[in-house]
Amino acid sequence: MSGKENCYNNAATETLFKPVKAELIWTHRWETRRKAEVAIFEYINGFYNPRRRHSPLGWKSPGAFDGKLA
């Protein structure tokens with residue numbers, strides 16, 4: 001992060017955190033912190049990155065977008 005009051009430096013981070021919070025964090029409870037960490041890791045690496053549709057990719061999943069390039 002850069003300096004104080006720079007609203008542009010966290011836009012990419014918020015693009016990830018908002019869906020994670022809305023689709024996972026606010027809808028589940030875990031018994032331990034470790035279980036929450038594992039669930040978040042699995043969500044990001046198992047769903048958000050490879051399968052979730054992203055607007056910069058024309059609302060295609062990264063896999064579908066990469067397949068179109070090949």
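Is Lys35 buried, exposed or partly exposed? Lys35 has 42% relative accessibility, so Lys35 counts as partly exposed. Here are some friendly notes on the rest.

1. First, the ground rules. This is a predicted model, in which local features need pLDDT of at least 70, side-chain atom pairs count only at pLDDT 80 or more, and totals for chains, interfaces and linings use all residues. Residues are numbered from 1 along each chain as its sequence is written, and side-chain values use heavy atoms, with hydrogens and water left out.

2. On the accessibility classes: buried means under 20% relative accessible area, exposed means over 50%, and partly exposed lies in between (1.4 Å probe, protein chains only). Lys35 has a salt-bridge partner in Glu31, with an N to O distance of 3.0 Å. Glu31 is at 70% relative accessibility and therefore counts as exposed.

3. The structure has three salt bridges, the term being used for a side-chain nitrogen of Lys or Arg within 4 Å of a carboxyl oxygen of Asp or Glu. As background, side chains of opposite charge can pair when their charged atoms come close.

4. Glu37 deserves a look of its own. Glu37 pairs with Arg33, where the closest N and O atoms are 3.0 Å apart, and with Arg34, where the closest N and O atoms are 3.6 Å apart. Together, Arg33, Arg34 and Glu37 make up a network of salt bridges.

5. The spacing along the helix is worth checking on screen. Arg33 and Glu37 both belong to helix α2 and sit four residues apart, about one turn of the helix. Arg34 and Glu37 are three residues apart in helix α2, so about one helical turn separates them. Helices here are DSSP runs (H or I, at least four residues) and strands likewise (E, at least two), numbered from the N terminus.

6. How accessible are the members of this network? Arg33 counts as exposed at 68% relative accessibility, and Arg34 is exposed too, with a relative accessible area of 57%. Glu37 has a relative accessible area of 36% and is partly exposed.

7. Ser61 has 16% relative accessibility, so Ser61 counts as buried. Neighbours within four places in sequence aside, Ser61 is in contact (heavy atoms within 4.5 Å) with Pro50, Arg51, Arg52 and Arg53.
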